[in-house]
Amino acid sequence: MVSNPLPAVARRLATQRWVMRMAPVVLWLERVVRRVSGGKRGILDVAGLPSIEITVMGRKTGLPRTTSLLYVPHDENFLVLGSNWGSVKHPVWSANLRAASTASVRTKSERLEVTVTEITGADRKRAWDLAVEFWPGYEMEYELSGGREFRIFELRRV
């Protein structure tokens, strides 16, 4: 069986600064692919990368907010990082997750409830190292952000 070369290509491209300027195109493609697939797939899935849709209550509105993200597999759980494409600001979804204890996740056709834990301290360093090994682009995004410490969350299956 031939393995999919796209994840390796995507990981290599993710270390290139010019790719960050492509964020609006990637986000638009993500919405289109999610709509066409009935929410089961996103552009990252097409590229052979793990993605999830996270739905969490808005911390101000109390309304459900959904966002698609790359995740780092961590045993049977998910690590998500608030890199925000290397922006100096934290992504809004990370503030909502920080305020929540639970969320729902959709990965392909599976929907599940998760508990939300922000990873800090010594555990954060281990999670960061795992994330960078999985997705080398996080280091470049960290530099672009001016050294902003990305929020890292573990989403554990309930």
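Predicted model: local features only at pLDDT ≥ 70, side-chain atom pairs only at ≥ 80, totals over all residues.
The largest pocket has a volume of about 1,200 Å³. Its lining is made up of 43 residues. Nearest the centre of the pocket lie Val-26, Leu-27, Ile-43, Leu-44 and Trp-85. By class, the lining of the largest pocket comprises 31 nonpolar, 6 polar and 6 charged residues.

Several helices and strands take part in this lining. Helix 1 (6–13), helix 2 (23–36), helix 3 (43–46), helix 4 (92–98) and helix 6 are among the elements that each supply at least two residues. Strand 1 (51–57), strand 2 (64–70) and strand 4 (77–81) also supply at least two residues each. Which helix gives the most to the lining of the largest pocket? It is helix 2, with 7 residues.

Trp-85, one of the residues nearest the centre of the largest pocket, belongs to the loop between strand 4 and helix 4. The relative accessible area of Trp-85 is 30%, so this residue is partly exposed. Trp-85 is not a glycine, yet it has a positive phi of about 60°. Asn-84 is found in the loop between strand 4 and helix 4 as well. Asn-84 also has a positive phi, of about 55°, although it is not a glycine. With a relative accessibility of 28%, Asn-84 counts as partly exposed.

Is Asn-96 buried or exposed? Its relative accessibility is 5%, and therefore Asn-96 counts as buried, the cut-off for buried being under 20%. Leaving out residues up to four places away in sequence, Asn-96 touches Val-56, Met-57, Gly-58, Arg-59 and Arg-65. One of these, Val-56, is 40 residues away from Asn-96 along the chain, but the C-alpha atoms of the two are separated by 6.7 Å.

Another part of the chain is the loop between helix 1 and helix 2, where Gln-16 is found. Gln-16 has a relative accessible area of 34% and is therefore partly exposed. Between Gln-16 and His-74 there are 58 residues of separation along the chain, and their C-alpha atoms are 25 Å apart.

Because its relative accessibility is 6%, Ala-127 counts as buried. Apart from neighbours within four places in sequence, the contacts of Ala-127 are Leu-79, Ile-119 and Ile-152. Thr-67 is 60 residues from Ala-127 in sequence, and the C-alpha to C-alpha separation of this pair is 21 Å.

Two packed helices are described by the angle between their axes and the distance between the axes. On the side of helix 5, the contact is made by Trp-128, Ala-131 and Val-132. Helix 6 contributes Tyr-138, Glu-139 and Tyr-142 to the contact. Sorted by class, the residues of this contact are 5 nonpolar, no polar and 1 charged. Helix 6 also links this account back to the pocket, as one of the elements that each supply at least two residues of its lining.

Note on methods: Residues numbered from 1 in each chain as written. Heavy atoms only, no water. Contact = heavy atoms within 4.5 Å. Helix = DSSP H or I, 4+ residues; strand = E, 2+ residues; numbered from the N terminus. Nonpolar A, V, L, I, M, F, W, Y, C, P; charged D, E, K, R; others polar. Buried < 20%, exposed > 50% of the residue type's maximum accessible area, 1.4 Å probe, protein only. 1 Å grid on protein atoms, 1.4 Å probe; cavity = no way out; pocket = protein on both sides within 12 Å on 5 of 7 lines; lining within 4 Å. Points joined across faces, edges and corners; volume = space filled by probe spheres on them.
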